[in-house]
Amino acid sequence: MTVHVERLRAALAPLPRVSLGTWPTPLVRLERLGAALGVELWMKRDECSGLAMGGNKARKLEFVLGSARAAGARSVVTAGPVTSNHTMMTAAAARRLGLDCHVVLGGRAPDTPTGNLALTHLFGAHVHVTPMDTADPSRGDLAAAQQLSARLVAETGGCWIPPGATMPSSVPGYASAILELLDQLDGEWPFDEVVVAYGTGSTSAGLYAGLALAGIRATVRAVAVSSRAAMARFDAASPNDLVQAAIDVYRWPIELAASPARCEWIRPEREPGYGLPTGASQDALRRLAREEGYLLDPTYTAKAAAEMFAMARDGRLRRGSRVLFIHTGGLPTTAAATHQESPS
Ligand SMILES: Cc1ncc(COP(=O)(O)O)c(C=O)c1O
């Protein structure tokens, strides 16, 4: 397989970007867990991305805020659930760049904020809470949050960043992670599969775009962490559609259908809803901690890891295949939840 590293580098080089993260993040092998699953397992540690408490948003925001700055933005408006990593990291990134930040948070604010909500306040964001059942949001509540966001954009003149920063200008973020991996691996690509959590889609879309731009034969397995019904209500975008949107905007010289890269959007039927743990996700979180000494988060990475374990068990991940798990962060939620942990 010829890897087109320079085509990928050239696609990203001209795009406006700001510096927010600490790159490269570590790439580590998970020997014991891999042996137990029957695969060669590696993990890209983007929980160490260096912005706030780490996570996938640093890569996306470097490009999203790069274009916002190039367009002269002085403030930003964004939205997410009250536990959102995205809004917390956008608040942090805005402070790094001297921008004002408004966040619209769906849910119910606890009397004493913890985790991401406490950090969002700490970073000085203007916080607007709007009621919502985040695991099963109604269309009315979603529309109310959108109206509030639109009003804030109109009143402040701020640049709108959608939940999860999912817009064409965030897709280069995870395409740049593929470039970083190729540089870490001296231009060779060893992985058959890339497993990642899907929330709003631009992380998996970026990985898919990076693989396609580099002409790499590998499959992204994007594991949804919300219920199917909720995803239909918030019109979740397929990674393919997002990559196509970025290809159109940036005129990248690739055709997805002709690319050896693939992306499978996995929407588990038994998924109870955003932020609601399952027995399998709790097991996955403990397994990574006890077998390898790494922390996952309960909302995203533990669910993606649980599905990775299921795929190894039922053969969707071929025995002996080389699998890269992307650790996308979320550790403030782990910290907020660990008081529930008991010895076992
Ligand atoms: C920790 C973490 N992992 C994964 C995701 C999923 O990323 P995306 O929204 O790009 O699908 C998110 C955000 O949504 C997140 O905060």
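## Strand β9 and I266

I266 sits in strand β9; helices here are DSSP runs of H or I with at least four residues, strands are E runs of at least two, and both are numbered from the N terminus. This is a predicted model, where local features need pLDDT of at least 70 and side-chain atom pairs count only at pLDDT 80 or more, while totals for chains, interfaces and linings use all residues. Residues are numbered from 1 along each chain as its sequence is written, and side-chain values use heavy atoms, with hydrogens and water left out.

How buried is I266? Its relative accessible area is 6%, so I266 counts as buried (under 20% relative accessible area is buried, over 50% is exposed, and in between is partly exposed, with a 1.4 Å probe and protein chains only). Leaving aside residues up to four places away in sequence, I266 touches R221, A222, V223, A224, E307, M311 and R316, where contact means heavy atoms within 4.5 Å. For a sense of scale, the C-alpha atoms of I266 and S138 are separated by 23 Å, and the two residues are 128 apart along the chain.

## β8 and its two partners

Strand β8 covers residues 219-224, and six of its six residues are buried. T219, R221 and V223 point one way, V220, A222 and A224 point the other way, and all of them are buried.

Which strands pair with β8? One is β7 (residues 193-198), which runs parallel to β8 and is joined to it by six bridges; strands pair if DSSP finds at least two bridges between them. Within that pairing, V196 has A222 as its bridge partner in β8. To get from β7 to β8 the chain goes through helix α8 (residues 202-213), and this β-α-β crossover is right-handed, meaning that with the strands pointing away from the viewer, the path from the first strand over the helix to the second runs clockwise. Strand β9 (residues 262-266) also pairs with β8 in the parallel sense, over five bridges, and T219 stands opposite R262 in β9.

## A buried lysine

K60 belongs to helix α3 (residues 57-70). K60 is buried yet has no salt bridge, and the nearest side chain of opposite charge, D46, is 10 Å away. For the bookkeeping, Lys and Arg count as positive and Asp and Glu as negative, while His and the chain ends are not counted.

What does the side chain of K60 meet instead? A polar atom of the K60 side chain lies 2.8 Å from the backbone oxygen of G164, and the K60 side chain also makes a polar contact with the side chain of S202 at 2.8 Å. A polar contact is a pair of N or O atoms within 3.5 Å; within protein, one must be able to donate a hydrogen and the other to accept it, and residues adjacent in sequence count only if both atoms are side-chain atoms. Not counting residues up to four places away in sequence, the residues that K60 touches include A165, T166, Y174, T200 and T203.

## Salt bridges

Take a side-chain nitrogen of Lys or Arg within 4 Å of a carboxyl oxygen of Asp or Glu as a salt bridge, and the count comes to 18. Among them, E193 and R221 meet at 2.7 Å, N to O. E193 lies in strand β7 and R221 in strand β8, so the pair ties together parts that are 28 residues apart in sequence. Both E193 and R221 are buried.

R233 and D136 form another salt bridge, with the closest N and O atoms 2.8 Å apart. R233 is in helix α9 (residues 228-233) and D136 is in the loop between β5 (126-130) and α6 (139-156), so this pair ties together parts that are 97 residues apart in sequence. R233 is partly exposed at 23% relative accessible area, and D136 is partly exposed at 39%. D314 and R316 meet in a salt bridge too, at 2.9 Å, N to O; D314 is partly exposed at 47% and R316 is partly exposed at 31%. K44, D46, R59 and E180 are linked in a network of salt bridges.

## G34 in helix α2

G34 is part of helix α2 (residues 31-37), and with 0% relative accessibility G34 counts as buried. G34 and V323 are 289 residues apart in sequence, and their C-alpha atoms are 8.8 Å apart in space. Not counting residues up to four places away in sequence, G34 touches V39 and L41.
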